[in-house]
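This briefing covers fold content, helix packing and a few selected residues. The sequence and structure come first, and the points follow by topic.

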Amino acid sequence: MTCITPIHLDPATDHFTLLATRVLMMAALPFGSQGGLLIEGAKQSDGKLVRRILAGETDLYRILVERYRREFGRYAAAMLHGDSDDAADALQEAFIRAYDGLASCKDPDRFKAWLFRIVSNQCHNVRKRRRDHLSLDRVEDPAHNPADQDLERKEIGAAVGDALDKLSAEQREAFVMKHVDGRSYAEMAELMGVGEDALKMRVHRAREELKKHLKGLL
Amino acid sequence: MSDSDRLSHDVQRYLDGEQVEHLDAGERAQADSLLAAIETYASRLEGPGSELDGAVMQAVRVKPVPTAHGSWWQWLLQPRVVSVRPALAAAAAVALLVVGAVGVSLRQRAGTVEPTAQAEIVLVRFELRAPEAEQVTLAGSFNDWSPEGIELVRSPDTGLWTGTLPLSPGEYEYLFVIDGISWIPDPSAHAQVDDGFGAANSVIVVGPRGVVRS
């Protein structure tokens, strides 16, 4: 049996203790009763986590979601005209589909590359769904934020976003992975299944196209 | 593209993050201004926040533990090799006729499309030669790119993987998934389209009378 001793805090004098308690409670909320399990699992490799999830510890999937929501979030936003809502739609669908098909990931140690392809395809689906809408009522680029006071930066950001939309799909993806995600060519090759030389060529051409579109701003 | 839009080999190396010792001052300034513009754009991009984690887990929590079996309809759609004793052959033939009468043709021929009794549904056979693969699945716009895909069956002699899918007339994009990792287009498809993200998807067009372009 667990004995819980109530602690009485005086709000007038125990500001710090109350604040610390609230912070701890908020931090624990997303983990629920599985908090310890998730903290311990957070240090584990993708492969180990996938195997444990398939063995029934499905709450551990949250670790993979958080890990790759951070890693692929900006990629998705950049591939979807900078629209974070579309990026969220694409990622959410990708994570759910990846969960459904997790048993078909034959090499759990390469979960990241497997998931990347699903994310890429879901971005493609969302982009297709939005294509007509975008042509009539273009989703506002993040650089078009009307609250932004820095007009020059706003103009440059918008110009880069517009220039990226004009690139070929393969140039855009390679460019985003290199310059938005900051990945090495080796890492890009591993994720995309394309040779490093070919990726370099795509990025180099993308930069030249970008330079052409940004004439007068640089 | 004019020559003035070109970036020299050294500038490209510099932009790649390599050490370039003797870069012209003008070229360095040009490269730095391009990098600054890219950084301005990138710094304003926002990926989804942590609320996404909760939304995904809410959807996932009501699902069973993922297994390799897939859904029941996928199981039904998988072509199988069936051995029938002669005594049962007649009964099997009758059973096939009954199934055919309700609009599902079980006859499969490589690379063909079979219009069914119901003109809206066409059976399309997909095949891929991959003798080294341990598993081949099919994913495409017809199953919303589900990574668990539709499992194909391997012919032990030829290494040919095949599967038949009932599709409504329309245009579909698809890929084969090898061993659950490698997504590849169909080498025998007549059309490949840019998937919008740097790779190609195969295209198949199913017509109302079973006419197909792939």
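Helix 4 and helix 5 of chain A cross with a right-handed sense. The model is predicted. In it, helix 4 of chain A covers residues 61-79 and helix 5 of chain A covers residues 84-100, and the two pack at an angle of about 140° with their axes 10 Å apart. Helix 4 of chain A is therefore oblique to helix 5 of chain A, since angles over 145 degrees would be needed for roughly antiparallel.

**Contact of helix 4 and helix 5 in chain A**

- On the helix 4 side of chain A, the residues that meet helix 5 are A:Tyr61, A:Leu64, A:Val65, A:Tyr68, A:Arg69, A:Phe72, A:Gly73, A:Ala76 and A:Ala77.
- Their partners in helix 5 of chain A are A:Ala87, A:Leu91, A:Phe95, A:Ala98 and A:Tyr99.
- Sorted by class, this contact of helix 4 with helix 5 of chain A holds twelve nonpolar residues, one polar residue and one charged residue.

**The loop between helix 4 and helix 5 of chain A**

- A:Leu80 sits in the loop that joins helix 4 to helix 5 of chain A.
- With a relative accessible area of 1%, A:Leu80 is buried, because buried means under 20%.
- The relative accessible area of A:His81 is 13%, so A:His81 is buried.
- A:His81 is not a glycine, yet its phi is positive, at about 60°.
- Most residues other than glycine have a negative phi.

**A:Tyr99 in helix 5 of chain A**

- A:Tyr99 belongs to helix 5 of chain A and is among the residues of that helix that meet helix 4 of chain A.
- A:Tyr99 is buried, at 1% relative accessible area.
- In chain A, A:Tyr99 touches A:Ile53, A:Thr58 and A:Tyr61, not counting residues up to four places away in sequence.
- In chain B, the residues touched by A:Tyr99 are B:Val60, B:Lys63, B:Pro64, B:Val65 and B:Pro66.
- A:Tyr99 and A:Leu54 are separated by 45 residues in sequence and by 9.6 Å in space, C-alpha to C-alpha.

**B:Pro48 against chain A**

- B:Pro48 lies in the loop between helix 2 (25-43) and helix 3 (51-61) of chain B.
- The relative accessibility of B:Pro48 is 10%, so B:Pro48 counts as buried.
- Leaving out residues up to four places away in sequence, B:Pro48 touches A:Arg69, A:Gly73, A:Ala87, A:Ala88 and A:Leu91.
- Among these, A:Arg69, A:Gly73, A:Ala87 and A:Leu91 also take part in the contact of helix 4 with helix 5 of chain A.

**Contact of helix 8 and helix 10 in chain A**

- Helix 8 (residues 169-180) and helix 10 (residues 196-213) of chain A pack at an angle of about 95°, and their axes are 8 Å apart.
- Helix 8 and helix 10 of chain A are therefore roughly perpendicular to each other, because 65 to 115 degrees is the range for that term.
- Helix 8 of chain A contributes A:Glu170, A:Gln171, A:Ala174, A:Phe175, A:Lys178 and A:His179 to this contact.
- Helix 10 of chain A contributes A:Leu199, A:Arg202, A:Val203, A:Arg205, A:Ala206, A:Arg207, A:Glu209 and A:Leu210.
- By class, the contact of helix 8 with helix 10 of chain A has six nonpolar, two polar and six charged residues.

**Chain A overall**

- Chain A has ten helices and zero strands.
- Of the 218 residues in chain A, 49% are buried.
- Among contacts in chain A with a separation of 6 or more, 58% are between residues 24 or more positions apart.
- Chain A has an accessible surface of about 10900 Å², and carbon and sulfur atoms account for 54% of that surface.

**Chain B overall**

- Five helices and eleven strands make up the secondary structure of chain B.
- Of the 214 residues in chain B, 41% are buried.
- For contacts in chain B between residues at least 6 apart in sequence, 53% join residues at least 24 apart.
- The accessible surface of chain B is about 11600 Å², with 56% of it on carbon and sulfur atoms.

Note on methods: Residues numbered from 1 in each chain as written. Chains lettered and ligands numbered in written order. Predicted model: local features only at pLDDT ≥ 70, side-chain atom pairs only at ≥ 80, totals over all residues. Heavy atoms only, no water. Axes fitted to C-alpha atoms, helices over the stretch in contact; angles between N-to-C directions. Helix = DSSP H or I, 4+ residues; strand = E, 2+ residues; numbered from the N terminus. Parallel < 35°, antiparallel > 145°, perpendicular 65-115°, else oblique. Left-handed = near helix turned anticlockwise from the far one by under 90°. Contact = heavy atoms within 4.5 Å. Nonpolar A, V, L, I, M, F, W, Y, C, P; charged D, E, K, R; others polar. Buried < 20%, exposed > 50% of the residue type's maximum accessible area, 1.4 Å probe, protein only. Areas by Shrake-Rupley, 256 points an atom, 1.4 Å probe, with all protein chains shown as cover.
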